Amino acid sequence: MKGDVMTFEIAPVGLSAYLVLVAIAVFVVCVPLFWLNKEGMAFAMQKSLIGLVLASPVILGIAYTMHDNAFELSGKNVLVRADYFYHYTRSLDEFDLSNAQIGSYESIPTAQLKWRRNGLGLPGVSAGHFSTQDGKAIFVALTDRSLVLYLPAKSGTSLLVSVSNPNAVLDALK
C-alpha cells in the first residue's frame with residue numbers, strides 16, 4: 001500500500017498468448033512472401049527472415065504491453081490498466097458491490113463476452129472494452145479464466161478482471 005493507494009496483482013498472462021502472437025506474426029510476414037515468391041525457396045526464406053527481423057520490434061512491443069496490467073484502489077476510485085493501452089477509472093459508488101461475483105469466467109453468465117469494441121483478444125488474454133451477451137458494456141483485464149472478479153456497474157461499464165486474490169480485492173472494496 002502506497003499512501004492511500006492499494007495495489008492488487010493481476011494474474012500473469014499465460015504462455016499461450018505469447019505463442020499465438022508469434023504465430024500470427026510469422027503467418028502475416030512469411031506466408032505472403034512465400035505465396036508471391038517467383039525466385040525460389042531460398043530467396044523466399046531469406047526475405048521472410050528479413051521481414052521477421054524488421055517486424056520483431058513491433059512484435060516485442062506488443063508482447064511487452066500484454067504483461068503491463070494493474071489494479072489499484074485509490075481513495076474511492078478503482079483504476080485498472082490492461083495491456084498498457086486500455087485504462088478504466090470508476091468511483092466505488094458506481095458499482096453494485098452487493099452483486100459482485102467471484103469464480104471462474106464460465107460460472108458468471110452476466111459477464112460472458114460477445115463483441116470486442118476496442119481491445120485485445122488472444123487465447124489466454126482479453127483486455128479492453130467489450131460487450132456482454134446481453135449488450136452491456138464491460139471493461140476486461142482477463143488473463144486467467146479460472147478465477148475472476150466481476151463488478152457490475154449500477155449504470156454504464158462493468159468490470160471483469162483476473163486478480164490474483166479476488167476475495168482480498170472485494171473485501172477492500174467493501
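This report walks through a predicted model, from the overall layout down to single residues.

## Ground rules

Since the model is predicted, local features need pLDDT of at least 70 and side-chain atom pairs count only at pLDDT 80 or more, while totals for chains, interfaces and linings use all residues. Residues are numbered from 1 along each chain as its sequence is written, and side-chain values use heavy atoms, with hydrogens and water left out.

## The overall layout

Let's start with the whole chain. The protein chain has 3 helices and 10 strands; helices (H or I, at least four residues) and strands (E, at least two) are DSSP runs, numbered from the N terminus. Going along the sequence, the order is β-α-α-β-β-β-β-β-β-β-β-β-α. The C-alpha trace spans about 65 × 40 × 25 Å along its principal axes.

How many of the 174 residues count as buried, as a percentage? The figure is 43%, where buried means under 20% relative accessible area, exposed over 50%, and partly exposed in between (1.4 Å probe, protein chains only). As for contacts (heavy atoms within 4.5 Å), take those between residues at least 6 apart in sequence: 50% of them join residues at least 24 apart.

## A helix with a bend

Helix α2 covers residues 41-66 and bends by about 45° at Ala55, with a proline, Pro57, following within four residues. That bend is the angle between axes fitted to the seven residues ending at a residue and the seven starting there. Ala55 is also one of the buried residues of α2, a list that includes Ala44, Ser48, Gly51 and Ile59. What do these buried residues pack against? Their partners are α1 (15-35), β6 (113-122) and β7 (125-132).

## Where α1 meets α2

The two helices α1 and α2 pack at an angle of about 150°, with their axes 8 Å apart. Here the axes are lines fitted to C-alpha atoms, for helices over the stretch in contact, and angles run from 0 to 180 degrees between N-to-C directions. On the α1 side, the contact residues include Tyr18, Leu21, Val29 and Phe34, and on the α2 side they include Met45, Leu52, Ala55 and Ile62. By type, the contact splits into 18 nonpolar residues, 2 polar and 1 charged. For that tally, Ala, Val, Leu, Ile, Met, Phe, Trp, Tyr, Cys and Pro count as nonpolar, Asp, Glu, Lys and Arg as charged, and the others, Gly among them, as polar.

## One salt bridge

A search of the whole structure turns up 1 salt bridge, meaning a side-chain nitrogen of Lys or Arg within 4 Å of a carboxyl oxygen of Asp or Glu. The pair is Arg90 and Glu94, whose closest N and O atoms are 2.6 Å apart. Arg90 counts as buried at 10% relative accessibility, whereas Glu94 is partly exposed at 34%.

Strand β7 holds Gly128 and Thr132. Gly128 is buried, with a relative accessible area of 0%, and Thr132 is buried too, at 3%. Setting aside residues up to four places away in sequence, Gly128 touches Ala82, Tyr86, Asn118, Gly119, Ile138, Phe139 and Val140. With the same exclusion, Thr132 touches Thr110, Ala111, Gln112, Leu113, Lys114 and Ile138.

Is Asp4 buried or exposed? Asp4, in the segment before β1 (5-8), is exposed, with a relative accessible area of 52%. Leaving out neighbours within four places in sequence, Asp4 is in contact with Leu73, Ser74 and Gly75.
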